[in-house]
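Hello,

Here is the structure you were going to look at. Please open it first, then read my notes below alongside it.

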Amino acid sequence: MNRTANWEASCRMDSDELVRLHREHLWLHLTNHKSFEAQEPPIYVSGNGSMVKDIHGREYLDGLSGGVWCVNAGYGQKRIIDAIAEQLKQIPYYAGSVANPPYIRLAAKLAELLPELPKVYIANSGSEANEKAFKMSRQYFRLKYPGKDKYKIIYRHRDYHGSTLAVLAATGQFERKAGYGPLPEGFVEMPHALCYRCHFGKTYPSCNIDCAQALETIIQQEGPDNVAAVILEPITAGGGIIIPVDEYYPIIQEICRKYEVLIIMDEVVNGFGRTGKMFGSQHYSFDPDIMTMAKGLASSYMPISATVTKKYIFDQFLAEPTDTMGYFRDISTFGGCAAGCAAALANINIIEEQDLVANSAKMGEYLLDSLKDLEELPHVGQVRGKGLFLGIEMVEDKKTKAPLPEKYLAMMVADAKADGVIIGRMVRSVPGSNNVLTAAPPLIISKEETERLANTFRKVIEKLHKEIN
Ligand SMILES: Cc1ncc(COP(=O)(O)O)c(C=O)c1O
C-alpha cells in the first residue's frame, strides 16, 4: 500500500472516532454547529486534480477549489509539495525582517508579472494583506503631508476584505460585521457595481456609470484631505460574482487621481487566473497603486499573502537612520516562513507552464455558455461569470427580482453534493440577498469535468423548479 492509501485507510478505520472527536472539540469557520446534531460533519481526507475524497471514500468534483476558491492549481501538485519539503530542509523560518532566497525570487517573479508594482510585502492571509495595505496608505500620507490627516478608506457595498476588525470595518457585507462592533472608524461605504440590481435604478449603458461616479461625491462629502484610499475587489466574489462594466475602473482611477486617493485592488480571490486573466484587474484598463493577494498565490498549499505596491509608495518610507518612526513599523511573524514563498513560486510556475490562465478563460466560457439558457427559467435571474468564476442569481419572481430564499439555495447545494459535485452559494453576506449560486473549480479542470459541473447545475436548478412550481 502506498503512503496515500495507507493514510486514507487509517482515516477510514477511525471514521467513527474522528466524527466523535470532531463533534466534541471543533469550532469551525462560518459554521452553525447545531446542524451537526442531525447530520454527520463532512471530513475530507485527500484530493487529486479537481477531486476530493471524504472519510467514507466518497469522491466529489470540487467546484469550489477548496471551498473558498483558493486551490487554483488543484490537488496533488507534486512540484509544490516538493518545493515546500525542500525549503523546510534548507531553512524553515527566519523573521520577516531578514530575507531568504525564495522570498527574494518570489518578489522578483511578482514584479515580473506586475512591473508597475515592484515592492512586495509578505504576510500570511488575505485579511492581513489588506490590513497592511490600509496601514501603508495611512502612514504614506502622514509621512508625505505631516499636517494633514488623510486616513479614511472607502469600500464598496457587497465587497469582502477579511475577518479581522479593520478589514471587517471595510467590508460591505453586513451579515459578516453584525454583532462584532464597535468597529474602527474611518471606513466609508460606496454603492456596489451590480447592473442586475442597479443601486440607481438605471440601465447600462445610459446610466453614466453612476456607481463609479458616486465615488467622487463620497470623497467630497468626507473631505478629499481626509480620504487615503479606496479598496475594491476587481470582480466581487462572495458578494455575488459582480463584474463591473469596462468603463468602471477607468472612472474610479480618474477620480482617485484628481483627489490623490490610492487605489487598493483586493486580488485575494481574483488573482492567479481565477477570472481568465492572471489578475482580475487586468480585464480593465487602469493602474492600481496597491494590490493584495493570498488564496491562489500558493494555491493554498501554504498560508501566504502579499501586498505589492508602487515604488513611489515604498520610497516615501525611506527614512534617515536616525528617524525611529518614519519607516513601515509593521511585522507579521509567519511572514518569515520561507516554505510559503517556495510554494508560491512553484505554483506560479505551474500556472504559467500549463497555461492555466488560458484554461480558466476557455473552460469558464464553456461553463457560462452551457448554462446561459437557464435564464429562461422562472427562478433564474441572471447567469454571469468571468473565467472559472460563475454566479447564478436565483429569484423568487423575475419581474420584481425578489431574491429566492436561502433555504432553496441550500437545498440545491445539497442536491449537487448528493450528485457528487461541490458547488457554492452566497453565505452570510447581504441581508435577504444571499441568493447567488457559485462555482470556482480548480483551473486545471478538464472539459469532461466542466461538462459534469454544468450538468449538475442544470439538474439541481431544474429539480428546484419542479419542486416549487
Ligand atoms: C476578496 C477577499 N479578500 C480578502 C479575504 C480574506 O482572506 P483571508 O480569509 O485569507 O484572511 C477574502 C476571503 O475570503 C476574500 O474573499
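Start with Asn347. This residue has 0% relative accessibility, so Asn347 counts as buried, the cut-off for buried being under 20%. Bear in mind here and below that the model is predicted.

Where does Asn347 sit? It is found in helix H13. Setting aside residues up to four places away in sequence, Asn347 touches Ala73, Ile80, Gly296, Leu297, Ala298 and Ser299.

The largest nonpolar core has 104 residues. Within this core, the residues with the most contacts are Leu110, Tyr248 and Ile252. Helix H13, which spans residues 338-353, gives the largest share of this core, namely 9 residues. As background, nonpolar side chains tend to be buried together in soluble globular proteins.

Which residues does Ile252 contact, leaving aside its neighbours within four places in sequence? They are Met190, Ala212, Leu215, Val230, Leu232 and Ile263. There is also a second, separate core, made of 21 residues, and among them are Phe134, Tyr155, Ala228 and Ile264.

Phe334 lies in the loop between helix H12 (311-316) and H13. Is Phe334 buried or exposed? Phe334 counts as exposed because its relative accessibility is 54%, and the cut-off for exposed is over 50%. Together with Ile91, Tyr93, Tyr94 and Val98, Phe334 forms a nonpolar patch on the surface. The accessible area of these residues together is about 490 Å².

- S1 and S2 pair in the antiparallel sense over 4 bridges. Gly47 has Val52 in S2 as its bridge partner.
- The hairpin of S1 and S2 has 2 residues between the strands, and in this hairpin Gly49 takes a positive phi near 65°.
- S2 (residues 51-54) and S3 (residues 59-62) are also antiparallel, paired over 3 bridges. Here Lys53 has Glu59 in S3 as its bridge partner.

Regards

Terms used
Residues numbered from 1 in each chain as written. Predicted model: local features only at pLDDT ≥ 70, side-chain atom pairs only at ≥ 80, totals over all residues. Heavy atoms only, no water. Pairing = 2+ DSSP bridges. Core = buried A, V, L, I, M, F, W, Y, C linked by side-chain atoms within 4.5 Å. Buried < 20%, exposed > 50% of the residue type's maximum accessible area, 1.4 Å probe, protein only. Contact = heavy atoms within 4.5 Å. Patch = residues over 30% accessible without salt bridge, like charges linked within 9 Å, V, L, I, M, F, W, Y side chains within 5 Å. Areas by Shrake-Rupley, 256 points an atom, 1.4 Å probe, with all protein chains shown as cover. Salt bridge = Lys/Arg side-chain N within 4 Å of Asp/Glu carboxyl O.
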